[in-house]
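This report goes through the strand pairing, the helix packing and the overall dimensions of the model shown below.

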Amino acid sequence: MYIIAGLGNPGKQYENTRHNTGFSVIDVIAEKHGISMLERKHRALIGKGYIEGQKVILAKPQTFMNLSGESVRELVNYYKIDEKQELVVIYDDISMETGRLRIRKKGSAGGHNGIKNIIAHLGHDIFLRIKIGVGGKPGETDLVDYVLGHFTKEEKEKIDRSACMAEEALCLMLQGETDAAMNRYHKKQEVDDESTEKTI
């Protein structure tokens with residue numbers, strides 16, 4: 001069994017903001033695989049189903065971003081998974097350009113408070129993660145205002161494409177092909193970048 005947790009903040013005012021990119025990707029995964037996200041347990045909205053033959057729990061923690069680890073810890077304990085192998089966390093990253101995808105097996109929080117809290121509650125930083133770039137904050141913009149702000153139309157199109165790629169990458173990861181997913185989606189974006197440069 002796998003737990004797939006997308007990070008974000010609950011409430012209508014936070015829908016489709018940069019910091020809720022993890023929630024948005026979970027919605028894409030749930031729709032693609034016919035999983036209903038209506039159950040409330042372990043301080044999260046959850047949905048149960050199968051992806052690539054693997055039983056999965058899709059989760060959107062409702063603790064607010066900075067306390068995401070409380071919900072993730074409860075989920076890990078209740079379903080008795082090996083979080084180093086069977087937990088995948090999906091979240092936004094301001095250190096990458098909008099729409100860029102990165103897959104990691106471990107690592108620091110990189111300044112992301114949701115990940116920082118998960119690491120604190122798990123007691124280690126070894127768990128699978130899919131990061132979606134939302135771009136760095138421009139100029140003197142306040143960081144909180146930026147991550148809680150909404151995407152432009154062009155940015156939203158990039159995020160929608162990367163959400164679909166994240167779903168495809170997840171399918172590979174659930175087959176035990178995390179390295180293949182890293183190679184495919186990291187290189188794919190490098191090729192796309194080169195193609196774009198050539199057409200300008």
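## Strand pairing and the sheet

Strands β3 (residues 44-51) and β4 (residues 54-61) run antiparallel and are joined by eight bridges. Strands here are DSSP runs of E with at least two residues, helices are runs of H or I with at least four, and both are numbered from the N terminus. Two strands count as paired if DSSP finds at least two bridges between them.

The open sheet holds seven strands in the order β2-β3-β4-β1-β5-β7-β6, with mixed pairing. At its edges lie β2 (39-41) and β6 (101-104), each of which pairs on one side only. From one strand to the next, the twist averages 25 degrees. Helix α2 packs on the sheet, where α2 touches β1 (2-6), β3, β4 and β5 (87-93), and the direction of α2 makes about 45 degrees with that of β3.

## Basis of the values

The model is predicted: local features need pLDDT of at least 70 and side-chain atom pairs count only at pLDDT 80 or more, while totals for chains, interfaces and linings use all residues. Residues are numbered from 1 along each chain as its sequence is written, and side-chain values use heavy atoms, with hydrogens and water left out.

## Helices α2 and α4

Helix α2 (residues 68-79) and helix α4 (residues 113-122) have axes that come within 7 Å and cross at roughly 45 degrees. This makes α2 oblique to α4 (angles under 35 degrees count as roughly parallel, over 145 as roughly antiparallel, 65 to 115 as roughly perpendicular and the rest as oblique). Axes are lines fitted to C-alpha atoms, for helices over the stretch in contact, and angles run from 0 to 180 degrees between N-to-C directions.

The crossing of α2 and α4 is right-handed (the near helix is turned clockwise from the far one by less than a right angle). In contact (heavy atoms within 4.5 Å) are S68, G69, E70, V72, R73 and V76 of α2 with G114, N117, I118, H121 and L122 of α4. Four of the residues in this contact are nonpolar, five polar and two charged.

## Helices α1 and α6

Helix α1 (residues 21-32) packs against helix α6 (residues 153-174) at an angle of about 60 degrees, and their axes are 9 Å apart. Helix α1 is therefore oblique to α6. Their crossing is right-handed.

From α1, the residues T21, V25, V28, I29 and K32 meet I159, A163, A166, E167 and L170 of α6. This contact divides into seven nonpolar, one polar and two charged residues.

## Overall dimensions

The protein has seven helices and seven strands, in the sequence pattern β-α-β-β-β-α-α-β-β-α-β-α-α-α. Its radius of gyration is 16 Å, close to the 16 Å that the globule rule gives for 200 residues, so the protein is as compact as a globular protein of that length. The C-alpha trace spans about 50 × 35 × 30 Å along its principal axes.

How values were computed:
Nonpolar A, V, L, I, M, F, W, Y, C, P; charged D, E, K, R; others polar. Rg over C-alpha atoms; globule rule 2.2 N^0.38 Å.
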